[in-house]
Amino acid sequence: WPTDANTKPILVDDLAAAISGRHIRIQSVGLVDECFTFVSKEGGSQEAQEGKFDDRVMAAGIAWQVRKRGMARGTTERPRGW
């Protein structure tokens, strides 16, 4: 997933929709904490508040995009041996 000014809003919005729609369950306290400090800033950028981190938010968003693409291709099962 290439994360740039065009794709990041899609990633963030899709992750927010998946969380609010209960399509994914977050069991990481660290990810929950990062979600609460992830904001939209003036000018439209989306990132962690000053002094906070957003690595887990971005990783979860990328994982969700990968999952969505797998579902679209009918490859939702793990390969043998996983």
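Mentor: One begins with pLDDT, the predictor's confidence in each residue, from 0 to 100. This is a predicted model, in which local features need pLDDT of at least 70 and side-chain atom pairs count only at pLDDT 80 or more, while totals for chains, interfaces and linings use all residues. Residues are numbered from 1 along each chain as its sequence is written, and side-chain values use heavy atoms, with hydrogens and water left out.

Trainee: What is the average pLDDT of the protein chain?

Mentor: Where pLDDT is low, the predicted coordinates should not be read in detail. Here the chain averages 88, and 85% of the residues score at least 70. Confidence is lowest in helix α3 (residues 55-72), with a mean of 89, and highest in α2, at 97.

Trainee: How many helices and strands are there in the protein chain?

Mentor: Both are DSSP runs, numbered from the N terminus: helices are H or I over at least four residues, strands are E over at least two. The protein chain has three helices and two strands, arranged from the N terminus as α-α-β-β-α.

Trainee: What share of the residues in the protein chain is buried?

Mentor: Buried means under 20% relative accessible area, exposed over 50%, and partly exposed in between (1.4 Å probe, protein chains only). Of the 82 residues in the protein chain, 26% are buried.

Trainee: Which residues of helix α2 are buried?

Mentor: In α2, which spans residues 29-36, they are G30, L31 and E34. These residues lie on the same side of α2 because they cover an arc of only 100 degrees around the axis; the arc is that of the directions from the helix axis to the C-beta atoms. The exposed residues V29 and F36 are carried on the face of α2 turned away from its buried side.

Trainee: Which residues make up the largest nonpolar core?

Mentor: A nonpolar core is a set of buried Ala, Val, Leu, Ile, Met, Phe, Trp, Tyr and Cys residues joined through side-chain atoms within 4.5 Å. The largest one has eight residues, namely L11, V12, L15, L31, F38, V57, M58 and A60. Helices α1 and α3 each supply at least two residues of this core.

Trainee: Which residues does F38 touch, not counting residues up to four places away in sequence?

Mentor: Contact means heavy atoms within 4.5 Å. With that exclusion, F38 touches K8, V12, Q46, E47, A48, D54, V57 and M58. Q46 itself belongs to strand β2 (residues 46-48). Why is Q46 counted as buried? Its relative accessibility is 12%. Not counting residues up to four places away in sequence, Q46 touches K8, P9, V12, D13, F38, V39 and S40.

Trainee: Where is I24 found, and which residues does I24 touch beyond four places in sequence?

Mentor: I24 is in the loop between α1 (8-20) and α2. The residue is partly exposed, at a relative accessible area of 25%. Not counting residues up to four places away, I24 touches L15, A18, I19 and W64. I24 and W64 are 40 residues apart along the chain, and their C-alpha atoms are separated by 8.5 Å.
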